[in-house]
Amino acid sequence: MQPIIREKSEYYARTSAQMDAHLAPPPWSLREKIALTCRILAQEGHESAIAGQITARGDKPGTYWMLGFGLGFDEARRSNIVLVDDDLNLLEGEGMVNPSNRFHLWIYRHRPSVNAIVHTHPPHISALSMIGRPLVASHMDTSMFHDDCAYLPEWPGPPVGDEEGEIIHKALGDKRTVLLAHHGQLSAAATIEEACVLAIFIERAAKLQLMAEAVAPIRPLPAALAREAHDYRLKKRAVEATFHYFGRRALRTDGDALT
């Protein structure tokens, strides 16, 4: 019997159709997904006390959802995700608005396709940010960052003013992610699911890079294959399924995230 051999493009098409048919997203609201993103990243080691921010566009132009200031990622719930305007004035919810979210507004203004931003200070990304090296995507699992991770080589100081917003949004450019020198990472994406998944895997990429560079120089991926893997890893349904896995895992231990 002759083996079945097809063009790779046919298998990609089949996989995409099967993902659409079988990977239905849970009925989580945007606020619930923001709270889950916080809990997921806390479990993944991204928490840094009350540092770091997760935001998403609201339904009305110029409005944004975010975790109230003074709370850690592991304390996030649907009920403490607040809505603010384009000057960080509170519109819905209770508590203080995070003043460091101002630089997010600069990205939203200049990137209409960005609907969610995750900024964190996880340990391996933070370590990489301290040694003056850009992120190197040289593994299949981190190929989503191939030619899609910018680098800001100089620290502009705490991001609470408009100056930092201008610097960071220009450094990000049209990329999905940016490594911020002496600081951390930022992921800007079309959905909160994508921003969360990018944040998880950029920390893993930094860990792999530091481990590999301690042994030998990193061998780059072939550019064409890296681009193919980048696009495959960032397929919408695949990203959603990855987020849903991490969300389910978080809910097994943090069941109050949706309250």
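The charged end of R233 sits over the ring of F201, 5.3 Å from its centre, and R204 lies over the face of that ring too, at 5.1 Å from the centre. Here a charge sits over a ring if NZ of Lys or CZ of Arg is within 6 Å of the ring centre and within 35 degrees of the ring normal. This is a predicted model, where local features need pLDDT of at least 70 and side-chain atom pairs count only at pLDDT 80 or more, while totals for chains, interfaces and linings use all residues. Residues are numbered from 1 along each chain as its sequence is written, and side-chain values use heavy atoms, with hydrogens and water left out.

**Aromatic pairs**

- Rings of Phe, Tyr and Trp (its six-membered ring) pair if their centres lie within 6.5 Å; planes under 30 degrees apart count as stacked, over 60 as edge-to-face and the rest as tilted.
- By that rule the count comes to 3 aromatic pairs.
- One of them is W28 with F243, an edge-to-face pair at 6.2 Å centre to centre and 75° between the planes.
- Helices (H or I, at least four residues) and strands (E, at least two) are DSSP runs, numbered from the N terminus.
- W28 and F243 are both buried; that means under 20% relative accessible area, with exposed being over 50% and partly exposed in between (1.4 Å probe, protein chains only).

- Strand β5 (residues 116-120) has 5 of its 5 residues buried, so it is largely enclosed by the rest of the structure.
- A116, V118 and T120 point one way from β5, while I117 and H119 point the other way, and all are buried.
- Two strands count as paired if DSSP finds at least two bridges between them.
- β5 pairs with β1 in the antiparallel sense over 4 bridges, and Q53 stands opposite H119 in β5.
- β5 also pairs with strand β8 (residues 184-189), again in the antiparallel sense, over 5 bridges.
- In that pairing, V118 stands opposite S187 in β8.

**Salt bridges**

- The structure holds 20 salt bridges, each being a side-chain nitrogen of Lys or Arg within 4 Å of a carboxyl oxygen of Asp or Glu.
- D256 forms a salt bridge with R39, and the closest N and O atoms are 2.9 Å apart.
- D256 lies in the segment after α8 and R39 in helix α2, so the pair ties together parts that are 217 residues apart in sequence.
- R39 counts as buried at 3% relative accessibility, whereas D256 is partly exposed, with a relative accessible area of 27%.
- R102 forms a salt bridge with D87, with 3.0 Å between the closest N and O atoms.
- That pair links distant parts of the chain, 15 residues apart: R102 is in helix α3 (residues 102-110) and D87 in the loop between β3 (81-84) and β4 (90-92).
- R102 counts as buried at 19% relative accessibility, and D87 is partly exposed at 43% relative accessible area.
- R227 and D147 meet through their side chains in a salt bridge (3.7 Å, N to O).
- With R227 in helix α7 (residues 223-233) and D147 in the loop between α4 (123-129) and β6 (149-152), the pair ties together parts that are 80 residues apart in sequence.
- R227 is partly exposed at 31% relative accessibility, while D147 is exposed, with a relative accessible area of 52%.

**A nonpolar patch**

- I50, F69 and M96 make a nonpolar surface patch of about 260 Å².
- Patches are made of residues with over 30% relative accessible area and no salt bridge: like charges are joined within 9 Å, nonpolar side chains (Val, Leu, Ile, Met, Phe, Trp, Tyr) within 5 Å.
- Accessible areas come from the Shrake-Rupley method with a 1.4 Å probe, and for residues only the protein chains shown count as cover.
- I50 is in the loop between α2 (30-43) and β1 (53-57), and I50 is partly exposed, with a relative accessible area of 39%.

**R237 on α8**

- R237 is placed in helix α8 and is partly exposed, with a relative accessible area of 22%.
- The C-alpha atoms of R237 and H22 are separated by 9.6 Å, with the two residues 215 residues apart along the chain.
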